[in-house]
Amino acid sequence: MNKNAKNIFEMKVKSSTENLGTIREFVEEKAMQSGIDKSITDKIVLAVDEACTNIIKHAYNYDESTEFTIRVLISKKEFKVLLIDHGKSFDPNQIADPDMPTYLKQRRVGGLGLHLMRHLMDNVEYHNLEGNGNQLILTKKIA
Amino acid sequence: MAEFSTKHRENGEVNIIELNGYLDAHTAQHLEHAISDLITKNKYKVVVNFEQLKYISSAGLGVFMAFIETMRTNSGDIKLAGMQPSVYNIFDLLGFPLLYEIFPTETEAVNKFKN
(Lines give C-alpha, C1' and ligand atoms only; values in the text may rest on other atoms or scores of the structure.)
Protein backbone atom coordinates (compact mmCIF):
# COMPACT_ATOMS: atom_id res chain seq x y z
CA MET A 1 0.00 0.00 0.00
CA ASN A 2 1.33 3.43 -0.94
CA LYS A 3 0.91 5.59 2.15
CA ASN A 4 2.47 8.74 0.70
CA ALA A 5 -0.24 9.52 -1.79
CA LYS A 6 -3.74 10.14 -0.49
CA ASN A 7 -5.71 8.65 -3.35
CA ILE A 8 -3.37 6.02 -4.69
CA PHE A 9 -3.62 2.50 -3.32
CA GLU A 10 -1.59 -0.45 -4.42
CA MET A 11 -1.36 -4.16 -3.87
CA LYS A 12 0.92 -6.79 -5.33
CA VAL A 13 -0.32 -10.38 -5.65
CA LYS A 14 1.03 -13.71 -6.73
CA SER A 15 -0.32 -14.75 -10.11
CA SER A 16 -2.89 -17.27 -8.93
CA THR A 17 -6.66 -17.42 -9.41
CA GLU A 18 -6.75 -18.11 -5.67
CA ASN A 19 -6.13 -14.37 -5.18
CA LEU A 20 -9.08 -13.14 -7.25
CA GLY A 21 -11.27 -12.87 -4.16
CA THR A 22 -8.68 -10.76 -2.33
CA ILE A 23 -8.29 -8.50 -5.38
CA ARG A 24 -12.06 -8.02 -5.62
CA GLU A 25 -12.29 -7.16 -1.92
CA PHE A 26 -9.46 -4.62 -2.27
CA VAL A 27 -11.05 -2.85 -5.26
CA GLU A 28 -14.56 -2.99 -3.78
CA GLU A 29 -13.36 -1.45 -0.52
CA LYS A 30 -11.63 1.43 -2.32
CA ALA A 31 -14.66 2.08 -4.55
CA MET A 32 -17.15 2.00 -1.67
CA GLN A 33 -14.90 4.28 0.43
CA SER A 34 -14.93 6.74 -2.47
CA GLY A 35 -18.71 6.87 -2.25
CA ILE A 36 -19.28 5.09 -5.56
CA ASP A 37 -22.72 3.44 -5.97
CA LYS A 38 -22.93 -0.29 -5.37
CA SER A 39 -24.03 -0.95 -8.97
CA ILE A 40 -21.04 0.96 -10.39
CA THR A 41 -18.72 -0.68 -7.85
CA ASP A 42 -19.94 -4.11 -9.01
CA LYS A 43 -19.04 -3.23 -12.61
CA ILE A 44 -15.55 -2.05 -11.67
CA VAL A 45 -14.94 -5.15 -9.54
CA LEU A 46 -16.00 -7.52 -12.33
CA ALA A 47 -13.89 -5.68 -14.93
CA VAL A 48 -10.83 -5.92 -12.66
CA ASP A 49 -11.51 -9.63 -12.00
CA GLU A 50 -11.68 -10.26 -15.76
CA ALA A 51 -8.46 -8.31 -16.38
CA CYS A 52 -6.60 -10.13 -13.58
CA THR A 53 -7.89 -13.50 -14.78
CA ASN A 54 -6.46 -12.69 -18.23
CA ILE A 55 -3.08 -11.77 -16.72
CA ILE A 56 -2.94 -14.99 -14.67
CA LYS A 57 -4.08 -17.12 -17.60
CA HIS A 58 -2.55 -15.49 -20.70
CA ALA A 59 0.32 -13.22 -19.58
CA TYR A 60 1.71 -15.67 -17.00
CA ASN A 61 0.19 -18.99 -18.12
CA TYR A 62 -0.72 -19.87 -14.49
CA ASP A 63 2.89 -19.54 -13.28
CA GLU A 64 2.37 -18.89 -9.56
CA SER A 65 5.99 -17.79 -9.05
CA THR A 66 5.14 -14.52 -10.83
CA GLU A 67 3.44 -11.41 -9.46
CA PHE A 68 1.50 -8.45 -10.73
CA THR A 69 0.44 -5.09 -9.34
CA ILE A 70 -3.00 -3.57 -8.93
CA ARG A 71 -2.93 0.20 -8.46
CA VAL A 72 -6.07 2.20 -7.77
CA LEU A 73 -6.08 5.95 -8.53
CA ILE A 74 -9.05 7.93 -7.37
CA SER A 75 -9.82 11.50 -8.43
CA LYS A 76 -13.02 13.52 -8.21
CA LYS A 77 -13.96 12.54 -11.73
CA GLU A 78 -12.49 9.08 -12.26
CA PHE A 79 -11.78 5.76 -10.62
CA LYS A 80 -8.83 4.19 -12.40
CA VAL A 81 -7.33 0.75 -11.94
CA LEU A 82 -3.86 0.10 -13.36
CA LEU A 83 -2.71 -3.48 -13.73
CA ILE A 84 0.97 -3.99 -14.28
CA ASP A 85 2.46 -7.35 -15.19
CA HIS A 86 5.74 -8.56 -16.68
CA GLY A 87 4.34 -11.46 -18.65
CA LYS A 88 3.46 -12.00 -22.27
CA SER A 89 2.25 -8.82 -23.97
CA PHE A 90 -1.08 -8.46 -25.61
CA ASP A 91 -2.71 -5.57 -27.40
CA PRO A 92 -6.45 -5.41 -26.76
CA ASN A 93 -6.79 -3.11 -29.77
CA GLN A 94 -6.10 -6.15 -31.94
CA ILE A 95 -8.98 -8.08 -30.40
CA ALA A 96 -12.48 -7.39 -31.69
CA ASP A 97 -15.58 -7.91 -29.57
CA PRO A 98 -17.33 -11.19 -30.40
CA ASP A 99 -20.70 -11.12 -32.12
CA MET A 100 -22.71 -12.57 -29.25
CA PRO A 101 -25.53 -14.29 -31.19
CA THR A 102 -22.85 -16.12 -33.26
CA TYR A 103 -20.80 -16.83 -30.14
CA LEU A 104 -23.82 -18.42 -28.45
CA LYS A 105 -24.88 -20.32 -31.57
CA GLN A 106 -21.40 -21.84 -31.88
CA ARG A 107 -21.38 -22.70 -28.13
CA ARG A 108 -18.02 -21.02 -27.73
CA VAL A 109 -16.27 -21.00 -24.36
CA GLY A 110 -14.03 -18.21 -23.05
CA GLY A 111 -12.81 -15.02 -24.65
CA LEU A 112 -15.44 -12.81 -23.02
CA GLY A 113 -13.21 -11.03 -20.49
CA LEU A 114 -12.11 -8.13 -22.66
CA HIS A 115 -15.61 -7.79 -24.12
CA LEU A 116 -16.99 -7.46 -20.59
CA MET A 117 -14.29 -4.96 -19.55
CA ARG A 118 -15.20 -2.72 -22.49
CA HIS A 119 -18.88 -2.88 -21.59
CA LEU A 120 -18.40 -2.31 -17.88
CA MET A 121 -15.80 0.48 -17.97
CA ASP A 122 -15.68 3.84 -19.77
CA ASN A 123 -12.19 3.25 -21.11
CA VAL A 124 -9.80 0.31 -21.46
CA GLU A 125 -6.28 1.27 -22.42
CA TYR A 126 -3.17 -0.83 -22.86
CA HIS A 127 0.48 0.23 -22.82
CA ASN A 128 3.53 -1.88 -23.50
CA LEU A 129 6.09 -0.34 -21.14
CA GLU A 130 9.05 -1.38 -23.31
CA GLY A 131 10.81 -3.88 -21.09
CA ASN A 132 9.03 -2.66 -17.95
CA GLY A 133 6.00 -4.82 -18.44
CA ASN A 134 2.44 -4.35 -19.61
CA GLN A 135 0.04 -1.83 -18.22
CA LEU A 136 -3.72 -2.08 -18.57
CA ILE A 137 -5.71 0.95 -17.43
CA LEU A 138 -9.39 0.54 -16.64
CA THR A 139 -11.22 3.83 -16.16
CA LYS A 140 -14.69 4.53 -14.80
CA LYS A 141 -16.08 8.06 -14.71
CA ILE A 142 -17.61 8.78 -11.33
CA ALA A 143 -18.80 12.36 -11.79
CA MET B 1 -10.42 -15.75 -0.62
CA ALA B 2 -13.22 -16.70 -2.99
CA GLU B 3 -15.67 -19.06 -1.34
CA PHE B 4 -17.88 -21.26 -3.40
CA SER B 5 -19.82 -24.46 -2.89
CA THR B 6 -22.46 -26.51 -4.63
CA LYS B 7 -25.18 -28.85 -3.38
CA HIS B 8 -26.94 -31.50 -5.42
CA ARG B 9 -30.58 -32.55 -4.96
CA GLU B 10 -33.05 -34.50 -7.05
CA ASN B 11 -36.67 -33.67 -7.77
CA GLY B 12 -37.99 -36.62 -9.74
CA GLU B 13 -35.78 -36.90 -12.80
CA VAL B 14 -34.63 -33.30 -12.51
CA ASN B 15 -31.25 -32.66 -10.91
CA ILE B 16 -30.86 -29.46 -8.97
CA ILE B 17 -27.49 -27.87 -8.37
CA GLU B 18 -27.52 -25.11 -5.77
CA LEU B 19 -24.73 -22.56 -6.06
CA ASN B 20 -23.42 -20.67 -3.07
CA GLY B 21 -20.89 -17.83 -2.94
CA TYR B 22 -18.55 -16.55 -5.60
CA LEU B 23 -18.14 -18.18 -9.01
CA ASP B 24 -14.94 -17.03 -10.70
CA ALA B 25 -11.92 -18.42 -12.58
CA HIS B 26 -10.76 -20.09 -9.37
CA THR B 27 -14.00 -21.75 -8.36
CA ALA B 28 -15.41 -22.54 -11.84
CA GLN B 29 -13.62 -25.90 -11.78
CA HIS B 30 -15.70 -26.95 -8.78
CA LEU B 31 -18.91 -26.40 -10.76
CA GLU B 32 -17.44 -28.19 -13.78
CA HIS B 33 -16.89 -31.25 -11.60
CA ALA B 34 -20.41 -31.09 -10.21
CA ILE B 35 -21.93 -31.03 -13.71
CA SER B 36 -19.48 -33.65 -15.08
CA ASP B 37 -20.60 -35.96 -12.26
CA LEU B 38 -24.18 -35.75 -13.48
CA ILE B 39 -23.14 -36.54 -17.07
CA THR B 40 -21.20 -39.59 -15.84
CA LYS B 41 -24.46 -40.78 -14.29
CA ASN B 42 -26.40 -40.06 -17.52
CA LYS B 43 -28.35 -37.29 -15.85
CA TYR B 44 -29.05 -34.55 -18.34
CA LYS B 45 -31.95 -32.59 -16.89
CA VAL B 46 -30.43 -29.90 -14.74
CA VAL B 47 -31.76 -26.88 -12.91
CA VAL B 48 -29.14 -24.56 -11.48
CA ASN B 49 -30.42 -22.64 -8.46
CA PHE B 50 -28.60 -19.28 -8.23
CA GLU B 51 -30.38 -17.92 -5.13
CA GLN B 52 -27.28 -18.02 -2.93
CA LEU B 53 -24.81 -17.04 -5.67
CA LYS B 54 -23.39 -13.61 -4.92
CA TYR B 55 -21.06 -13.15 -7.86
CA ILE B 56 -20.23 -14.54 -11.30
CA SER B 57 -17.46 -13.72 -13.77
CA SER B 58 -17.10 -14.89 -17.38
CA ALA B 59 -15.25 -18.01 -16.20
CA GLY B 60 -18.48 -19.07 -14.48
CA LEU B 61 -20.53 -18.39 -17.59
CA GLY B 62 -18.10 -20.56 -19.53
CA VAL B 63 -19.07 -23.62 -17.48
CA PHE B 64 -22.66 -23.42 -18.71
CA MET B 65 -21.48 -22.96 -22.30
CA ALA B 66 -19.24 -26.02 -22.02
CA PHE B 67 -22.09 -28.37 -21.06
CA ILE B 68 -25.27 -27.05 -22.69
CA GLU B 69 -24.85 -28.99 -25.93
CA THR B 70 -24.21 -32.32 -24.16
CA MET B 71 -27.38 -31.87 -22.12
CA ARG B 72 -29.54 -30.91 -25.10
CA THR B 73 -28.31 -33.68 -27.39
CA ASN B 74 -29.32 -36.11 -24.65
CA SER B 75 -32.88 -34.76 -24.37
CA GLY B 76 -31.98 -32.65 -21.37
CA ASP B 77 -31.15 -29.03 -20.68
CA ILE B 78 -29.52 -26.68 -18.21
CA LYS B 79 -32.17 -24.30 -16.93
CA LEU B 80 -31.19 -21.42 -14.69
CA ALA B 81 -33.24 -20.10 -11.78
CA GLY B 82 -33.38 -17.61 -8.92
CA MET B 83 -30.66 -15.19 -9.97
CA GLN B 84 -30.04 -12.02 -7.99
CA PRO B 85 -30.35 -8.95 -10.24
CA SER B 86 -26.56 -8.29 -10.13
CA VAL B 87 -25.89 -11.81 -11.44
CA TYR B 88 -28.72 -11.74 -14.00
CA ASN B 89 -27.36 -8.44 -15.38
CA ILE B 90 -24.13 -10.17 -16.45
CA PHE B 91 -26.01 -12.95 -18.26
CA ASP B 92 -28.23 -10.34 -19.88
CA LEU B 93 -25.34 -8.07 -20.89
CA LEU B 94 -23.81 -10.93 -22.87
CA GLY B 95 -27.08 -12.05 -24.45
CA PHE B 96 -27.16 -15.39 -22.63
CA PRO B 97 -30.98 -15.36 -22.32
CA LEU B 98 -30.96 -16.13 -26.09
CA LEU B 99 -29.51 -19.56 -25.36
CA TYR B 100 -30.63 -20.38 -21.82
CA GLU B 101 -34.03 -20.48 -20.20
CA ILE B 102 -33.86 -18.37 -17.06
CA PHE B 103 -36.66 -18.59 -14.48
CA PRO B 104 -37.44 -16.47 -11.42
CA THR B 105 -37.74 -19.57 -9.21
CA GLU B 106 -36.42 -23.14 -9.05
CA THR B 107 -40.00 -24.48 -8.99
CA GLU B 108 -40.82 -22.84 -12.31
CA ALA B 109 -37.66 -24.26 -13.89
CA VAL B 110 -38.38 -27.77 -12.58
CA ASN B 111 -41.99 -27.55 -13.78
CA LYS B 112 -40.82 -26.65 -17.28
CA PHE B 113 -39.04 -30.02 -17.43
CA LYS B 114 -42.11 -31.83 -16.14
CA ASN B 115 -44.60 -30.23 -18.55
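How do the residues of the lining of the largest pocket divide into nonpolar, polar and charged? Please describe what surrounds that lining too.

Reply: This is a predicted model. In the lining of the largest pocket, 17 residues are nonpolar, 13 are polar and five are charged. The pocket has a volume of about 790 Å³. Its lining counts 35 residues, and the closest to the centre are A:Thr53, A:Asn54, A:Lys57, A:His58 and A:Tyr62.

Both chains take part. Chain A supplies at least two lining residues from each of helix H2 (38-59), helix H4 (113-120) and strand S5 (134-141). The largest share comes from H2(A), with eight residues.

In total, the contact takes 24 residues from chain B and 26 from chain A. About 2000 Å² is buried between them, 67% of it on carbon and sulfur atoms.

Two salt bridges cross this interface. One pair is A:Arg107 with B:Glu69, whose closest N and O atoms are 2.5 Å apart. Six residue pairs are in polar contact between the chains.

H2 and H4 of chain A return in the second largest pocket, where each supplies at least two lining residues. That pocket has a volume of about 560 Å³. Its lining divides into 12 nonpolar, six polar and nine charged residues.

How values were computed
Residues are numbered from 1 along each chain as its sequence is written. Chains are lettered from A and ligands numbered from 1 in the order in which they are written. This is a predicted model: local features need pLDDT of at least 70, side-chain atom pairs count only at pLDDT 80 or more; totals for chains, interfaces and linings use all residues. Side-chain values use heavy atoms; hydrogens and water are left out. Contact means heavy atoms within 4.5 Å. Buried area is the accessible area (1.4 Å probe) that two parts lose on being put together, summed over both. A salt bridge is a side-chain nitrogen of Lys or Arg within 4 Å of a carboxyl oxygen of Asp or Glu. A polar contact is a pair of N or O atoms within 3.5 Å; within protein, one must be able to donate a hydrogen and the other to accept it, and residues adjacent in sequence count only if both atoms are side-chain atoms. On a 1 Å grid over the protein atoms alone, a cavity is a set of points where a 1.4 Å probe fits but cannot get out, and a pocket is an open set with protein on both sides within 12 Å along at least five of seven lines; lining residues have an atom within 4 Å of a point. Grid points are joined across faces, edges and corners, and a volume is the space filled by probe spheres set on the points. Helices (H or I, at least four residues) and strands (E, at least two) are DSSP runs, numbered from the N terminus. Ala, Val, Leu, Ile, Met, Phe, Trp, Tyr, Cys and Pro count as nonpolar, Asp, Glu, Lys and Arg as charged, and the others, Gly among them, as polar.
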